[in-house]
Amino acid sequence: MTYVERVLDDLKKRNPGEKEFHQAATEILLTLEPVINAHPEYEKSALLERFTEPERTILFRVAWVDDNGKVQVNKGYRVQFNSAIGPYKGGLRFHPSVNLSIIKFLGLEQILKNSLTGLPIGGGKGGSDFDPKGKSDREIMAFCQSFMTELYRHIGADTDVPAGDIGVGAREVGYLFGQYKRIRDEHVGVLTGRGLSYGGSLIRKEATGYGLIYITAEAMKARGYSFAGKTTLVSGSGNVAIYACEKAQELGAKVVAMCDSNGYVYDENGIDLAVVKQIKEVERGRIKEYANRVQGAKYFEGCKGIWTIPCDVALPCATQNEIDEESAKALIANGVQYVAEGANMPSTLEAISAFQNAKGVVFLPAKAANAGGVATSALEMAQSSGRLYWSSEEVDAKLKTIMVNIYHNIDKAAKKYGFDGNYVMGANIAGFEKVAEAMMAHGVV
């Protein structure tokens, strides 16, 4: 049994039932074997055991009162996974599916994603099984204030800087920040994704979606192609999906489908993004409304069918494991050329294998492709620290440079170890090498 296999086996025994964490750890560690084999000192210092064990795991109760005067109780989480290259950085997710396994998988991925940005930020993740859907503003404020009343003691501008994620948008970040400021009596960059009126950065809302398109466009450019005329599928209809669609359309793509958790819409004439923004950002409605407002558009119940639509580019921007092996094979059979992950781990291990084994398919994994969000969060941290305010053009230019560099770094890392075109290997290796070097420099801590 190799060192990597032994670490994986032990990890699964010590963390029983955490299937998402097991999946992420397996995908990452197996691709790192060439690096581990080249550095026998890593085994001697138990580097992988330390890399896969969070530095700190915080679990807490969140009690709050709903509009009917009833006390509700949710679980809260913050996993501070690795601070070797900088303060912990990673979003907060509010969704009924949230559990420790999901937070740990996201946190482990975040370590490498943050490293790939080239910025000094470590990896962390947090959240709660609280569901914001259907809650009043007062209920969400009550929950966020209770959540922060526990979390505040574990975070700080130079310690741990959370941000938004699924279920945590501008409204939630505002309530969380307000409570932190009230308790600590200080106005610092302890959260990113803040409103522009109190320290937020321009382009933050658009960053993950824009960054996804920038790195995909760079992969296309390296092969002599562009988004112009490319039929594109975008799953999801949140920030990532909306702004990926916006930038893809700006570069000439024809986005024909989007979805939410209930189903998907297909518009052969190309998605009218203004209608989607009105439904999702203003009305907080369901995507099926699109078909009622746009002539010729069709709505289909369930999300899986979106991947059966013929396309050149597939951009999964909804949630983890949304593309399984069957969906991957359907995309391949219908001629997909580029698959770039906007969501966190949206493809199963079997789907990833199918994409990588398919001739002519370029697969860009989440930790590289969706790093634009956290990269811009780090740019927000820099602005906060320096009491600066950069224009949207400045932030967007920095974001594009970061994403272009990520593509070339993962391409170079893949080639270095003999895996040309394998960007899963490239992303994991390029992200890991920097973290491993820092961990070794710090000694056994």
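**Reading helix packing, a sheet and a buried serine**

Author: In this predicted model, helix α17 (residues 392-416) packs on helix α18 (residues 423-442) at an angle of about 100°, and their axes lie 7 Å apart.

Reader: How are α17 and α18 oriented relative to each other?

Author: Angles of 65 to 115 degrees count as roughly perpendicular. α17 and α18 are therefore roughly perpendicular to each other.

Reader: Which residues make the contact?

Author: From α17 come Y407, N409, I410, D411, A413, A414 and K416. From α18 come Y423, G426, A427, I429, A430 and E433. By class, the contact of α17 with α18 has 8 nonpolar, 2 polar and 3 charged residues.

Reader: Now the sheet. What holds strands together in a sheet?

Author: Strands of a sheet pair through backbone hydrogen bonds, either parallel or antiparallel. Here, an open sheet of 7 strands runs in the order β9-β8-β7-β6-β10-β11-β12, with mixed pairing.

Reader: Which strands stand at the edges?

Author: β9 (298-301) and β12 (362-364) do. Each has a single partner strand, so one side of each is left without a neighbour in the sheet. From one strand to the next, the twist averages 15°.

Reader: In which sense do β7 and β8 pair?

Author: Strand β7 (residues 254-259) and strand β8 (residues 263-266) are antiparallel, over 3 bridges. M258 has V265 in β8 as its bridge partner.

Reader: Last, a side chain. Is S377 buried or exposed?

Author: Under 20% relative accessible area counts as buried. S377 has 1%, so S377 is buried. S377 sits in helix α16 (residues 372-386).

Reader: What does S377 touch, not counting residues up to four places away in sequence?

Author: S377 touches K89, A163, T192 and R204.

Methods:
Residues are numbered from 1 along each chain as its sequence is written. This is a predicted model: local features need pLDDT of at least 70, side-chain atom pairs count only at pLDDT 80 or more; totals for chains, interfaces and linings use all residues. Side-chain values use heavy atoms; hydrogens and water are left out. Axes are lines fitted to C-alpha atoms, for helices over the stretch in contact, and angles run from 0 to 180 degrees between N-to-C directions. Helices (H or I, at least four residues) and strands (E, at least two) are DSSP runs, numbered from the N terminus. Angles under 35 degrees count as roughly parallel, over 145 as roughly antiparallel, 65 to 115 as roughly perpendicular and the rest as oblique. Contact means heavy atoms within 4.5 Å. Ala, Val, Leu, Ile, Met, Phe, Trp, Tyr, Cys and Pro count as nonpolar, Asp, Glu, Lys and Arg as charged, and the others, Gly among them, as polar. Two strands pair if DSSP finds at least two bridges between them. Buried means under 20% relative accessible area, exposed over 50%, partly exposed in between (1.4 Å probe, protein chains only).
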